Amino acid sequence: VNTIYFNPIFDAGSNHSYDTQDYTRIDPYFGTQKDWDNLVKHADALGIRIVLDGVFNHLSSDSPIFDRYHHYPTVGACESTSSPYRDWFEFTPDPDGECAGPDGPGTMTYAGWFGFDSIPVIDKTNPEVQAYFLTDDDSITRRWLDDGASGWRLDVSGDASFPGGYWETFRDVVDETDPDA
């Protein structure tokens, strides 16, 4: 064995974990940050590389960034039109919607990946989204490479909603962070 590939291991609301709630935390069902650090240490000692599944297309409707169910102290995109994350998602008017809109609570709905309302689609053209996942000094891409991941497998990377240059930027960030990734 020279590589371990993990499906999403980030904090999520389901057992499949493609509905990420927090990209900065290991899902408690899989362990803790300390467990991750220990795995990395032992894998490195054995020459084993760790590849993570990057799901940068959507996240959980039950996340601090979206917060459809009002579970978090942050103001999520679904909760308020003034949320700092509001323009990370596509909202449309709907009198029976789940999210707040200009006409008040429950007046907007959102695009879910393949229609699943549990995983709202992220607007990858948004520079703040790109900073979060790719370009910030503490972006998700950099963070996990710095924490010992050896590479990424990217979920639905061929989806047409990723703008031109997105994956080239990702590759540049990976090379800059760890040329061996």
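In what order do the strands of the open sheet of 3 strands with antiparallel pairing stand? The legends below, which describe a predicted model, begin with that sheet.

**View 1. The antiparallel sheet of β5, β7 and β6.** This open sheet has 3 strands in the order β5-β7-β6, and their pairing is antiparallel. Because β5 and β6 stand at the edges and each has a single partner strand, one side of each is left without a neighbour in the sheet. On average, and with direction ignored, neighbouring strands here are turned by 65° against each other. The pairing of β5 with β7 runs in the antiparallel sense over 3 bridges, and within it T92 has T109 of β7 as its bridge partner.

**View 2. The disulfide between C78 and C99.** The model holds 1 disulfide, which joins C78 to C99 with an S to S distance of 2.0 Å. The torsion about this S-S bond is about -100°, so the disulfide is left-handed. Distant parts of the chain are linked in this way, since C78 belongs to the loop between β4 (49-54) and β5 (91-93), whereas C99 belongs to strand β6 (residues 99-101), with the two cysteines 21 residues apart. Both C78 and C99 are buried.

View 3. N126 is found in the loop that runs between β7 (104-110) and α2 (127-135). Is N126 buried or exposed? With a relative accessible area of 6%, which lies under the 20% limit, N126 is buried. Apart from neighbours within four places in sequence, N126 is in contact with D87 and W88. At the start of α2, a side-chain oxygen of N126 also reaches to within 2.7 Å of the backbone nitrogen of E128.

**View 4. The buried residues of α2.** Further along this helix, the buried residues are V129, Q130, A131, Y132, F133 and L134.

**View 5. The largest nonpolar core.** Which residues touch the most other members of the largest nonpolar core? Among the 38 residues of this core, they are F56, F133 and W152. At least two residues of the core are supplied by each of β3, α1 (33-45), β4, β7, α2, α3, β8 (151-154) and α4. If residues up to four places away in sequence are not counted, W152 touches a series of residues that includes F10, V51, F56, W144, F170 and V174.

**View 6. The pairing of β2 with β3.** Strand β2 (residues 10-12) pairs with β3 in the antiparallel sense over 3 bridges, and F10 stands opposite I26 in β3. F10 is also one of the residues touched by W152. β3 is mostly covered, as 5 of its 7 residues are buried.

Technical notes
Residues numbered from 1 in each chain as written. Predicted model: local features only at pLDDT ≥ 70, side-chain atom pairs only at ≥ 80, totals over all residues. Heavy atoms only, no water. Helix = DSSP H or I, 4+ residues; strand = E, 2+ residues; numbered from the N terminus. Buried < 20%, exposed > 50% of the residue type's maximum accessible area, 1.4 Å probe, protein only. Contact = heavy atoms within 4.5 Å. Disulfide = S-S within 2.5 Å. Polar contact = N/O pair within 3.5 Å; in protein donor to acceptor, adjacent residues only side chain to side chain. Pairing = 2+ DSSP bridges. Axes fitted to C-alpha atoms, helices over the stretch in contact; angles between N-to-C directions. Core = buried A, V, L, I, M, F, W, Y, C linked by side-chain atoms within 4.5 Å.
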